[in-house]
Amino acid sequence: MDGPSPVWKWTKRLVGFGALAALLGAVFLAFAVGIAARSLPSFYQLKSSQTGQTIRVLSRDGSEIVEIGPSFGEWLSHEEIPQNMRNAMIAVEDKRFHSHFGVDPIRLTGAIVEGVTGARSRLGGTSTITQQLARNLFLSSNRTFDRKAREAVLAMALEWNFSKEQILELYLNKVYFGGGAYGIDSASRKFFSHPGRELSVAEASIIAGLVKAPSRYSPTADVQAAVDRAAVVLRLMREQGYITADQASVDVDTVELKQQAGQNSVRYFTDYVLPQLDLILPETNAPLEVWTTLDVGMQRAATAAVAANSPEGAQGALVSLDRDGAILALVGGTDYVESNFNRATNAMRQPGSSWKLFVYLAALEKGYTPDDRVVDTPVTIDGWSPRNSNGRNVGETNLRTAFAYSINTVAAQLGNEVGFGTVASMARRFGISSPISTFPSMVLGSSEVRLIEMTQAFAGISARGMKVMPYGITKVVTADGETIYEHEQPRENKVVPDYVAAGITDLLQAAVQTGTGRAAQIGRPVAGKTGTTSSNKDGWFVGFSSGITTGVWMGRDDAKRVAGLQGGRAPARAFAAYMRYAVKDRPEEQFDTELNLPEWALEPDEEAMFGDPDDYYFIDEQGNLIEPGRRDPESPAFDIDGEQGLDPVAEPPPAVTDDFLDEALGRRPNGPERQRPRQNPSISQEPPRRPNSPPPQSVSDPNFLGDG
């Protein structure tokens, strides 16, 4: 009898080697899984881990305006997750989830067969829920054999350490559903505006269908694609016995999708305020709710006003502050998607004649009043000869008219008189932090400045001379409700006296009522100032009404000329369009323009008492005033201002003696006279300045403009 054939011997050897290799492979795999299982974090650690910080930005009324970073929502335990949600995910992603050990041998074998026969994807479609969880927790998404092998080992380690319920709980709370939403609670709130505990069958099918391609099947991007994908999920659920045939359909009309805000301009605001969190908060990775000062309605109105009024080819920006500095609206450009450069907070542009605010503030503080006489005449200062935009001069006028019509020569003279360094110092007081030159041309706005700085300065005038600091964050709250930051108003800091604030408000109101800012009128008191730079490169209007201060800038990013761009046109119109909405729910407020001058700014007694040349005023030894005698005891008496007011029937004061007159007038009998006191003015001399005297006749020529 012949022994075993050589073929049989080799077959037995190959089988033996194969069995040994399989045994060694199994031992190695078990060893690898055991090592991996020992190194895995605990279930509690996996629950608390997250891949980034979520920041929900809320408006002043608590509505969400944007969510930045990954959103994890509320953690739902296995029992809190709706049964339909669990069934939907298992049906579409891993129908043998409850029977495999982390890797599905049937799906793996099918994938190998497909690979051998030339299927489209050699490694696709093989991952179980446990493998997907392992990849999301520990690995990248590289489609390599090495990564798939490590994924399988980690999946079996997860199955070794945790129950099926724990694995499904981890998966449903951590898987990515698109739009920054991680976990079913976050996805439910993002797409349906309610917690994940309340998901219906149709909503669960939509969310489960997102895992395959979150961006493609997102209901906020393509509702029909989301519904079609949900129909596939429902069909699988019906085939696997999770639902009945009646439940296996999606009516898109019954699914209430969350409305999207659609305001890309709010990103200008969030780009400005959110970096401030690094300064005001301790280091934390916890999810945060950031409550802001932004008014959604005002932001929408501001966006529309800028877009509707910006000249073709030009950009526009707007900043609006409440009386305490709270940012109500902020627009940094006509379209954030096209350009995210924030022109409201970062762009440095010449403010033109809106800078005259600081020139006239310095003049008012020095003692000028709105009714004081000034002269519009050609002037040269250190070789610089400013001119008015119309090339003409009108001669004598008053301060109010010069400001309202933005006469450049008057501003130059005032700046030269008070000192250009004084003007720069005044700007610093009101919050201008940009570099300021002290060349003579600075009075016409040659120093570049940011829009938010100019708006801050005008807000200080609206606040009657108080320093105003813009802010955008009111409080920051953690996910568990703990307030870790709350805005506190800084100490009040008065930067100019009341009479200066009242005087400049008078001038600013005149600029809108009769001057270059007439296009900014809104049917209630408005105070503001236009600004236009050379060759119409920049147009400005900054003003306030009813406690809201708003600044508007328009121009090109490349600083090229914009035809017809003047501060009194497009920027003023945008200001008016926005402010009509912004103040509609606020009571109308009248401005305080009454000048209560300090004693040092009032006329000295010896000048204030100038009246009839025949009247003399003397002081007796006790310092008491001795009134002059009347010229005619029968005629009406006159008070010290030259108006009737004294009692005409009162007894005249007693005559003074010759000795008293000699002493008072510096005369010596038969000797030289002492130095005479200043003579009384003549009747034709201009009377002393009065803060409430009627203004002189203003310029009526509509072409009389010193500023565009």
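Strand β8 (residues 473–478) is joined to β9 by three bridges, and the two run antiparallel. Here, strands are DSSP runs of E of at least two residues, helices are runs of H or I of at least four, and both are numbered from the N terminus. Two strands pair if DSSP finds at least two bridges between them. V476 stands opposite Y485 in β9. The model is predicted: local features need pLDDT of at least 70, side-chain atom pairs count only at pLDDT 80 or more, and totals for chains, interfaces and linings use all residues. Residues are numbered from 1 along each chain as its sequence is written, and side-chain values use heavy atoms, with hydrogens and water left out.

Strands β8 and β9 belong to an open sheet of five strands. The order is β2-β1-β3-β8-β9, and the pairing is mixed. β2 and β9 (483–486) stand at the edges with a single partner strand each, so one side of each lacks a neighbour in the sheet. From one strand to the next, the twist averages 15°. Helix α11 (residues 266–273) packs on this sheet and touches β1, β2, β3 (288–292) and β8. Contact means heavy atoms within 4.5 Å. The direction of α11 makes about 60° with that of β2. Axes are lines fitted to C-alpha atoms, for helices over the stretch in contact, and angles run from 0 to 180 degrees between N-to-C directions.

At the other end of the strand order, β1 (residues 55–58) and β2 (residues 64–68) pair in the antiparallel sense over four bridges. V57 faces V66 in β2. The two strands form a hairpin with five residues between them. G62 in the turn has a positive phi of about 90°.

The largest nonpolar core has 86 residues. Such a core is a set of buried Ala, Val, Leu, Ile, Met, Phe, Trp, Tyr and Cys residues joined through side-chain atoms within 4.5 Å. Buried means under 20% relative accessible area (1.4 Å probe, protein chains only). F358, Y360 and I504 have the most contacts inside this core. Helix α19 (residues 498–513) gives the largest share, nine residues. Leaving aside neighbours within four places in sequence, I504 is in contact with L357, Y360, L361, L364, F403 and I461. A second, separate core of 56 residues includes L168, L199, V201 and V227.

V201 also lies in helix α9 (residues 201–210), which packs against helix α10 (residues 223–239) at about 100°, with axes 8 Å apart. The two helices are therefore roughly perpendicular (65 to 115 degrees).

Note on methods: Buried < 20%, exposed > 50% of the residue type's maximum accessible area, 1.4 Å probe, protein only. Parallel < 35°, antiparallel > 145°, perpendicular 65-115°, else oblique.
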